[in-house]
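Here's a quick briefing to read next to the coordinates. Have the viewer open and follow along by topic.

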Amino acid sequence: MGEATPQPLFNTKKFHWTDAKSKSVTRPEDPYKYLAGFGNEHQSEFIPGALPIGQNSPQLCPYELYAEQITGTSFAATRATSMRNFLYRRRPACVHGKFTKIDDNPSVEASFLNPSLEVHNVPSQLSWSAFKIPDKAGGAVDFTMGIHTLGGSGQPNIREGLAYHIFAINSGMPNKAFVNIDGDFLVVAQEGHLDITTEFGHIYLQPSEICVIQQGVRFKVDLVEQHSPKGARGYIIETWGTKWELPELGPLGGYGLANARDFLFPTADIDTCSTGGWSIISKQGGKYYSTSQNHTPFDVVAWHGNYIPYKYDLTKFVYHNTVSVDHTDPCINTVLTAKSRDIHAPLCDFLIFGPRWDVAEQTFRPPYFHRNCASEFLARIYGPDKVGGRSEVFAPGGASYEASFTPHGNADERTVGAMYADMKAMRVGENQLTFMLESCRSLLFTAWALKDSGHLVAEDIPESIWDTLPDRFGKNEEAMALLKAMGRA
Ligand SMILES: [Fe+2]
């Protein structure tokens, strides 16, 4: 088989998912079946009758399967927050050998507590060019070793905080599973297509789709070669001690932003094909451990519950914004939010900016200049290399960051031009998709992010970029006359 040619992305030229006129909830490449609905109780069985009816733990389960529960929250959590499931599987997950310490992935970090010599404050802004996908000639790099931590805040052992990672891989995980004991992974696909196997079934993930794999759930990540000739790249937001939720809709009413029905959950699918031994890689406190077993960890025949990995296609996001005046705060673009212990400030909001209409009148439409208490992390999934002038290097597959209270805005010709533009309704963000992470934490960054990756462009945006903003007040005759009359000119 010759080298595969990547297919055009389904969505990059689409204004919205609905342009595809698709009768399927997934894209053409996705071979899997899903259940729909964020926050629902779901259930699935691969063969009829495998799921017990009316009870969770029969004396003898159908087909002599074992019943096993995973609790994602404490037993006595409120009904609204309780997350748990029951799996019915060929062998319980405990059937494996002893965990032994193995070599760490040296670029994974999980401690962001000061004082730490491993992580560093950043006073203002950072930007990175597109992170390199490792060359296959240099050896196989799978998902466990292709993770690189950029920064974070807190520590998983105290269930407080988060970490931002990128992943860049050129290999799947044959007979190898991964489990993150530290927290949940929100995975953002950016380059290449991923075939993710979980204990609950399969998730197909391609650029502009995201998925969440919860703490303690075993999974493996393989490449769909046809669509990943160079490998795959993306981002991971790891959260500790909190779960992703849909944001409140408030006055928007019952629908809008990311609608619950568009979140897709896998269906049960037992692995009957693999042979030989398996290794399970566990990440705990950022350290890696390994155990082995002589059977597949993906032997679940049926399951039910609400602690289940899921995915969402970002092109289904329903944008809202002003239809009169003023630029709406960016939180209007929140897809998912992870609460912190401070009920007034999210640990992390996951926001997106894609194609939409901009119609405000008598208004400066680009983002206003601002200094936010939230830190901001931006990355482009697809689209042009340079947008907005905030950073000269902002290519898809790279990233940028602003620490809390860093003054910024747009510094390109749009800024001044927008003040004098003839205001017509216009489409913005055509053929591009960017996500942003807003966090109440100012992050600490790893040596890999600041040096070893080789992709840090500049610790500070060049000062000259802001010189494009002229002092027009000083040339305004009316203003100067008034100042002069006040004896202040
Ligand atoms: Fe900003």
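Ring pairs join Trp128, Phe131, Tyr164, Tyr235, Phe350, Phe377, Tyr401, Phe435, Phe445 and Trp448 into one cluster. Rings of Phe, Tyr and Trp (its six-membered ring) pair here if their centres lie within 6.5 Å; planes under 30 degrees apart are called stacked, over 60 edge-to-face and the rest tilted. Keep in mind that this is a predicted model, where local features need pLDDT of at least 70 and side-chain atom pairs count only at pLDDT 80 or more, while totals for chains, interfaces and linings use all residues. Residues are numbered from 1 along each chain as its sequence is written, and side-chain values use heavy atoms, with hydrogens and water left out.

**Aromatic pairs**
- The count comes to 27 aromatic pairs.
- Phe112 and Trp240 are a stacked pair, because their ring centres are 6.1 Å apart and their planes stand at 25°.
- That pair bridges 128 residues of sequence, from the loop between strands E5 (100–101) and E6 (119–120) to strand E16 (residues 232–240); strands are DSSP runs of E, at least two residues, numbered from the N terminus.
- Both Phe112 and Trp240 are buried, meaning under 20% relative accessible area, with exposed being over 50% and partly exposed in between (1.4 Å probe, protein chains only).
- Phe143 and Phe219 go edge-to-face, at 5.9 Å centre to centre and 75° between the planes.
- Both Phe143 and Phe219 are buried too.

**Charges over rings**
- Arg427 lies over the face of Phe15, 3.8 Å from the ring centre.
- The charged end of Lys101 sits over Tyr289's ring, 5.1 Å from the centre.
- The rule for both: NZ of Lys or CZ of Arg within 6 Å of the ring centre and within 35 degrees of the ring normal.

**Iron site**
- His370 (NE2), Glu376 (OE), Glu376 (OE) and His408 (NE2) coordinate the iron ion at 2.0 to 2.3 Å; donors are N, O and S atoms within 2.8 Å of the metal (3.2 Å for Na, K and Ca), and water is not among the atoms, so sites may look incomplete.
- The four donor atoms subtend angles of 58 to 156°, so the arrangement is irregular.
- The donor residues are spaced H-x5-E-x31-H in sequence.
- His370 and Glu376 are buried.

Methods. Tetrahedral: all angles 85-135°; square planar, octahedral: opposite > 155°, others 65-115°. Helix = DSSP H or I, 4+ residues; strand = E, 2+ residues; numbered from the N terminus.
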